[in-house]
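Keep the 3D view open as you read.

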Amino acid sequence: MKKALQLSVMSLALVGFSSALVGCGAQPGTTVVKYSGELEEQIQEVGDTATYNLYGSRDLEPLLSIKLEEGELIGFKKVDGKKVIAVYGEREMTLEGELLSTYRWKKQK
């Protein structure tokens with residue numbers, strides 16, 4: 001009985017660890033801007049005209065997909081110390097889920 005319990009605990013730990021790895025590694029594209037809560041604002045100009053996808057750390061599907069022209073803005077800003085705003089071109093989108101601390105804009109090929 002004790003061995004079965006140990007195996008169950010180990011299995012749960014392995015499942016938790018592997019699901020944590022699935023997030024950003026399974027998201028296609030190259031990270032352009034990453035937000036993980038340390039700065040109030042991380043906004044930059046995109047270097048290439050391309051499609052950019054927005055992902056939360058656990059998302060396998062993009063929260064948003066947008067084509068931006070070279071020189072347009074992309075990034076994140078924090079408002080009131082807790083709301084995270086995604087910036088893309090001249091638009092903005094408030095991101096839900098304050099517990100989700102990492103977001104990425106990824107350039108698609």
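What follows goes through the salt bridges one by one and then turns to a threonine.

Please bear in mind that this is a predicted model.

Start with Lys 78 and Glu 40, which form a salt bridge whose closest N and O atoms are 3.7 Å apart. The cut-off for such a pair is 4 Å, so this distance qualifies. Lys 78 belongs to strand E5, which covers residues 73-79, while Glu 40 sits in the loop between strand E1 (30-35) and strand E2 (41-45), so the bridge ties together parts that are 38 residues apart in sequence. Are these two partners buried or exposed? Lys 78 has a relative accessible area of 17% and is buried, because the limit for that label is under 20%. Glu 40, with 48% relative accessibility, counts as partly exposed.

Strand E5 brings us to another bridge, since Lys 77 lies in that strand too. Its side chain meets that of Glu 92 in a salt bridge, at 2.6 Å from N to O. Glu 92 is found in strand E7 (residues 91-95), so here the pair ties together parts that are 15 residues apart in sequence. Both partners are given as partly exposed: Glu 92 has a relative accessible area of 47%, and Lys 77 has one of 22%.

Now look for Lys 107 and Asp 48. Their closest N and O atoms are 2.5 Å apart, and the two form a salt bridge. Which parts does this pair tie together? Lys 107 lies in strand E8 (residues 103-107) and Asp 48 in the loop between E2 and strand E3 (50-56), so the bridge joins parts that are 59 residues apart in sequence. Lys 107 counts as partly exposed at 26% relative accessibility, and Asp 48 is likewise partly exposed at 38%.

Finally, move to Thr 102, in the loop between E7 and E8. This threonine is buried, with a relative accessible area of 13%. What does Thr 102 touch, leaving aside residues up to four places away in sequence? Its contacts are Lys 34, Tyr 35 and Ser 36, together with Tyr 55, Gly 56 and Ser 57. As you select them, recall that strand E1 spans 30-35 and strand E3 spans 50-56.

Methods
Residues numbered from 1 in each chain as written. Predicted model: local features only at pLDDT ≥ 70, side-chain atom pairs only at ≥ 80, totals over all residues. Heavy atoms only, no water. Helix = DSSP H or I, 4+ residues; strand = E, 2+ residues; numbered from the N terminus. Buried < 20%, exposed > 50% of the residue type's maximum accessible area, 1.4 Å probe, protein only. Contact = heavy atoms within 4.5 Å.
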